[in-house]
Amino acid sequence: MPTRLFWCIIFTVYVPMLQAHSGLMLDQAVKTALTNEPGLASRQLEVNALKEEQVAANTLPDPIVSVGAINVPDDTFDFDQENMTQLRFGVRQQFPRGNTLALQGDGLGIQSANQQVSAALRKLEIKRAVQLAWFSSWGSQQAVQLLKNDRYLFSQLIELSESLYSVGRKTQQDIYQAKLALSRHDNRIIELKKQQQSSLAMLARWLPDQQINRVANKLPHWSSITNSIDPLLLKHPMIEMRNKQVDLADNKIALAKEAYKPQWGVELGYGVRQGDDAMGNDRANFVSAMVTFDLPLFTENKQDRTLAANQIRRESATYQREVLLRKMRSQYLSLQSQITGINDSIALYQHRLIPEANLQAKAALESYQADRIDFATVIQAYISRLNVKLELLKLKENRFKTLTQLRFFTEI
């Protein structure tokens, strides 16, 4: 018996210490996922594309070149017959209204910055998803290990029942109950292994090129207290994206105001004439220059309505930002409240429920050996103790999952 106790101590203490230094670490999982995420590369390419479009949008439109024949007589189609017949070459350049070009470029710059903020948000979302999957894997892995460690206790109950039966103190029914309890225990191990594999598969979704058999046992040291949350929320990518929507609305308002200004154009032409004039001299060529512009006089149903629509959308974007900010603040405070409750429950389990479950199991075994209770009560006491341990483990897993949700709002 002392030898068996020695090996039990080695198995329950030394082996987990070795396992803590093996398996996939949390930081390693997050780093690998962020490195291999194609969505981040896609957003960066979109940023580059918008920057190229920004340069193009801030450039004058291409000039328009015209070539044609003017005043050609239709009886002979002779270019020398009439004085006004000419070959005309012209070029026309349009100038957009006011600062339209610069404002269009600014709008694309805002969209490019919004894509960069979107990439930062995507990083936070990936990090959160990987951490949640990692903690799920950790929880199921620890549960499997806990059941494996406690399996020998149910084996000892079989040995005890067989020993007492051999001396005539107990019935064979106790042996069957002990074996049934062990079989059910083994089935719980199988079910938890299935959960473990499912959790690892969720984690592998973010690490497609990495073989994952287990995660490390070591947990991070995270704090759950953040006193001033509002400054952090205002800098969060989700709010920053709303800010960009407001900026884009301001840009559209400025563009709508430019529509009240005229659009200018410049045209230069050169007409070549053939033949001689009445004096026998070569006919003079014609040079022409023209400035064009439109008059935005009737603005009531166009410019005014367009400007009003963009002002309304700007106000709507401001309200949407405030709604999101309040929602995020509420979610954060709710998560903090959950953390407080989980911490209280963990303390209760560690200081009261676990010790009480241990004492109950020990007392039940002693009472059974003294013929004061039946064997089913002993088995139930051991199962209850195991369930309490599993419940504590689940609380620890949920604590870190809740902390992960909290850190999504504070890690910017």
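Biologist: In this predicted model, is the crossing in which H8 passes H9 left-handed or right-handed?
Modeller: The two elements concerned are helix H8, residues 303-369, and H9, whose axes lie 8 Å apart. Where H8 passes H9, the crossing is left-handed.

Biologist: What is the relative direction of H8 and H9?
Modeller: H8 and H9 pack at an angle of about 160°. Angles over 145 degrees count as roughly antiparallel. The direction of H8 relative to H9 is therefore roughly antiparallel.

Biologist: How many nonpolar residues does the contact of H8 with H9 have?
Modeller: Sorted by class, this contact has five charged residues and 14 polar ones. The number of nonpolar residues in the contact of H8 with H9 is 24.

Biologist: How far apart are the axes of helix H4 and helix H9, and at what angle do the helices pack?
Modeller: Helix H4 spans residues 100-166 and helix H9 spans residues 375-410. Their packing makes H4 roughly antiparallel to H9, and H4 passes H9 in a right-handed crossing. The axes are 10 Å apart, and the angle is about 170°.

Biologist: Is Phe135 buried or exposed?
Modeller: Phe135 is found in helix H4. Its relative accessible area is 0%, and the limit for a buried residue is under 20%. Phe135 is therefore buried.

Biologist: Which residues does Phe135 touch, not counting residues up to four places away in sequence?
Modeller: Phe135 and Leu395 are 260 residues apart in sequence, yet their C-alpha atoms are 12 Å apart in space. The residues that Phe135 touches are Leu26, Leu219, Pro220, Trp222, Glu397, Phe400, Lys401 and Thr404.

Biologist: Where around helix H2 are Leu26, Ala29, Val30, Thr32 and Ala33 placed?
Modeller: These five residues of helix H2, which spans residues 26-36, are buried. What covers the buried residues of H2 includes H4.

Biologist: What is the phi of Phe77?
Modeller: Most residues other than glycine have a negative phi. Phe77 is found in the loop between strand S1 and strand S2, and at 55% relative accessibility it counts as exposed. Although Phe77 is not a glycine, its phi is positive, at about 55°.

Biologist: Where does Asp371 lie, and what is its phi?
Modeller: Asp371 lies in the loop between H8 and H9. With a relative accessible area of 47%, Asp371 is partly exposed. Asp371 is not a glycine, but its phi is positive, at about 65°.

Biologist: With which residues is Ser367 in contact, leaving aside its neighbours within four places in sequence?
Modeller: Ser367 lies in helix H8. Its relative accessible area of 15% makes Ser367 buried. With those neighbours left aside, the residues in contact with Ser367 are Arg372 and Ile373.

Terms used
Residues numbered from 1 in each chain as written. Predicted model: local features only at pLDDT ≥ 70, side-chain atom pairs only at ≥ 80, totals over all residues. Heavy atoms only, no water. Axes fitted to C-alpha atoms, helices over the stretch in contact; angles between N-to-C directions. Helix = DSSP H or I, 4+ residues; strand = E, 2+ residues; numbered from the N terminus. Parallel < 35°, antiparallel > 145°, perpendicular 65-115°, else oblique. Left-handed = near helix turned anticlockwise from the far one by under 90°. Buried < 20%, exposed > 50% of the residue type's maximum accessible area, 1.4 Å probe, protein only. Contact = heavy atoms within 4.5 Å. Nonpolar A, V, L, I, M, F, W, Y, C, P; charged D, E, K, R; others polar.
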